[in-house]
Amino acid sequence: MHYPYARSTCFPPAKRFPTGLLQLHTTTQSGASFLFGRLRNYFEDDEAGGQRDAVLHSSLLADAVEEAEADAVIAASNEFTFQPSTSHYGQRVRHFDAASASPENEVDLVHGEPVTPPGKSTFQAHFARVSTANQVQWAIRRLLEDRKVGRATHNIIAYRYFDAQRGVQVSDNDDDGENAAGGRLAALLELMDANNVLIIVSRWYGGIHLGPDRFKYISNCARALLESQGHGNFNDKRSSGLKKKR
């Protein structure tokens, strides 16, 4: 919580209003009222106190409103709207609020190696450890602000994390125009028991339709990056168990 404070170049004599000396700083209207009340009590015996009170109160409220408006401008400037280079492939417009730019939500992003199979399309996976919705939005925004990633034909998204504040498991996915690809990434995270993770696969279309094979490339580059970040032991154990049963 921010508290108002007063600063003066000298201390005024008792019962004398420090005209021209007092610099007032407030961040909220309630803070302005708080400081006004303190000063009003101090100068309550002044004959001209009532008039000065009115002037002071008006000045403080005006300052508070001005600062609130300035804060709103700053918050709006931290918002971001992603416009895809083309809507031909179904990539959608995304709007990010100011919280998605806050350093409090910053996470480390890890990028996999680009893969270009026959067909000229290129696939690349991106990974982040997340535990809140704001961290998810921060990571997606940071990726889309990158010119190369922003120009991808599709940025397919899936994430899973445990929301400790609400005590619930959260998961979601987004095809970004690559029909059914988001659901397949989500299934991969569940299969690998990967939690508190965000995985995004960018695809730059090469001009040749890959058919169902595109899902193989999307899943393979995502799996490789997840395994490099320590996810995949669950899948290995289950696979070894199945082999023993045979």
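In the predicted model, the side chains of Thr-122 and Thr-116 are joined by a polar contact of 2.8 Å. Thr-122 lies in strand β6, which covers residues 122-129. With a relative accessible area of 19%, Thr-122 is classed as buried, because the cut-off for this class is under 20%. Beyond its neighbours within four places in sequence, Thr-122 is in contact with Pro-114, Val-115 and Thr-116, and also with Ser-202, Arg-203 and Trp-204.

Met-192 is placed in the loop between α5 (181-191) and β9 (197-204). The relative accessibility of Met-192 is 2%, so this residue counts as buried. Met-192 and Leu-226 are 34 residues apart along the chain, and their C-alpha atoms are separated by 8.7 Å.

Salt bridges were also examined. The count comes to eight. One of them is formed by Asp-174 and Arg-92, with the closest N and O atoms 2.9 Å apart. This pair links distant parts of the chain, the two residues being 82 residues apart: Asp-174 belongs to strand β8 (residues 168-174), whereas Arg-92 is found in the loop between β3 (80-82) and β4 (94-96). Asp-174 is buried, at a relative accessible area of 15%, while Arg-92 is partly exposed, at 41%. Both residues also take part in a network of salt bridges that links Arg-92, Arg-94, Asp-174 and Asp-176.

Because Glu-145 and Arg-141 are four residues apart in helix α3 (residues 133-145), about one helical turn separates them. The two partners fall into separate accessibility classes: Glu-145 is partly exposed, with a relative accessibility of 38%, and Arg-141 is buried, with a value of 8%.

The side chains of Asp-163 and Arg-166 meet in a further salt bridge, with an N to O distance of 3.0 Å. Asp-163 has a relative accessible area of 14% and is buried. Arg-166 has a relative accessible area of 56% and is exposed, since the cut-off for exposed residues is over 50%.

Technical notes. Residues are numbered from 1 along each chain as its sequence is written. This is a predicted model: local features need pLDDT of at least 70, side-chain atom pairs count only at pLDDT 80 or more; totals for chains, interfaces and linings use all residues. Side-chain values use heavy atoms; hydrogens and water are left out. Buried means under 20% relative accessible area, exposed over 50%, partly exposed in between (1.4 Å probe, protein chains only). A polar contact is a pair of N or O atoms within 3.5 Å; within protein, one must be able to donate a hydrogen and the other to accept it, and residues adjacent in sequence count only if both atoms are side-chain atoms. Contact means heavy atoms within 4.5 Å. A salt bridge is a side-chain nitrogen of Lys or Arg within 4 Å of a carboxyl oxygen of Asp or Glu.
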